[in-house]
Amino acid sequence: MTAAPAHDFATVYAERDLGEVPADFNRRTGPDGRAVVVEGHCPCCRGRTATEFRRGVPGTGTKGVLSRLLHRTPAADDADPLATEVLFCECGYPHPRQPADAVFVGCGASWRVRDTASGGAP
């Protein structure tokens, strides 16, 4: 395992969509067993970021009420957030020019992790 590059604290906050990236992210079950935690390093500022996706909550998988309303077939309980969710930098560092009302404390980047089957990240 190679060491991650250092967090670039000087990255100026900007809402930017990085698209699909070949980032190295891991997923694990949350402490209470009702969530999946996706963690890795932001591909923009390289800060350590972790996002918790609650199982069964609309917008965090396919088993929530929204899926039933849209007549989507529920997938397995462990729908993979790496394949279905947009991730946001949540490095916890208020980057320069971050607005006070920013939803996530980080550099403002968002991305999807490239599917493993297509040669991307795990």
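Guide: What follows is a set of questions about labels, each answered by putting a value beside its definition.

Guide: This is a predicted model, in which local features need pLDDT of at least 70 and side-chain atom pairs count only at pLDDT 80 or more, while totals for chains, interfaces and linings use all residues. Residues are numbered from 1 along each chain as its sequence is written, and side-chain values use heavy atoms, with hydrogens and water left out.

Visitor: What is the average pLDDT of the chain?

Guide: pLDDT is the predictor's confidence in each residue, from 0 to 100. The chain averages 78, and 71% of the residues score at least 70. Helices (H or I, at least four residues) and strands (E, at least two) are DSSP runs, numbered from the N terminus.

Visitor: Over which residues does pLDDT stay under 50?

Guide: One such stretch is residues 60–68, for which the model has 20 contacts beyond four places in sequence. Another is residues 70–77, with eight contacts of that kind. Contact means heavy atoms within 4.5 Å.

Visitor: Why is threonine 49 called buried?

Guide: Buried means under 20% relative accessible area, exposed over 50%, and partly exposed in between (1.4 Å probe, protein chains only). Threonine 49 has 2% relative accessibility, so the residue counts as buried. Threonine 49 sits in strand S4 (residues 48–54). Beyond four places in sequence, its contacts include Phe25, Val38, Cys42, Cys89 and Trp111.

Visitor: Which residues of the largest nonpolar core touch the most other members?

Guide: A nonpolar core is a set of buried Ala, Val, Leu, Ile, Met, Phe, Trp, Tyr and Cys residues joined through side-chain atoms within 4.5 Å. Of the 16 residues in the largest one, Phe25, Val38, Cys42, Leu87, Cys89 and Trp111 touch the most other members. Strand S3 (35–41) and S6 each supply at least two residues of this core, and S6 gives the most, with three.

Visitor: What makes phenylalanine 9 and tyrosine 93 an aromatic pair?

Guide: Rings of Phe, Tyr and Trp (its six-membered ring) pair if their centres lie within 6.5 Å; planes under 30 degrees apart count as stacked, over 60 as edge-to-face and the rest as tilted. The structure holds three aromatic pairs. In the pair of phenylalanine 9 and tyrosine 93, the centres are 4.7 Å apart and the planes at 70 degrees, an edge-to-face arrangement. The two residues are 84 residues apart: phenylalanine 9 lies before strand S1 (16–21), and tyrosine 93 in the loop between strand S5 (87–88) and strand S6 (109–113). Phenylalanine 9, at 43%, is partly exposed; tyrosine 93, at 32%, is also partly exposed.

Visitor: Why is the pair of phenylalanine 88 and phenylalanine 104 called stacked?

Guide: The ring centres of phenylalanine 88 and phenylalanine 104 are 4.7 Å apart and the planes stand at 15 degrees, so the pair is stacked. Phenylalanine 88 lies in strand S5 and phenylalanine 104 in the loop between S5 and S6, so the pair ties together parts 16 residues apart in sequence.

Visitor: How do you know that histidine 95 is buried?

Guide: Its relative accessibility is 2%, so histidine 95 counts as buried. Histidine 95 is in the loop between S5 and S6.

Visitor: Which backbone oxygen does the side chain of histidine 95 reach?

Guide: The side chain of histidine 95 reaches the backbone oxygen of threonine 11 at 2.8 Å.

Notes:
A polar contact is a pair of N or O atoms within 3.5 Å; within protein, one must be able to donate a hydrogen and the other to accept it, and residues adjacent in sequence count only if both atoms are side-chain atoms.
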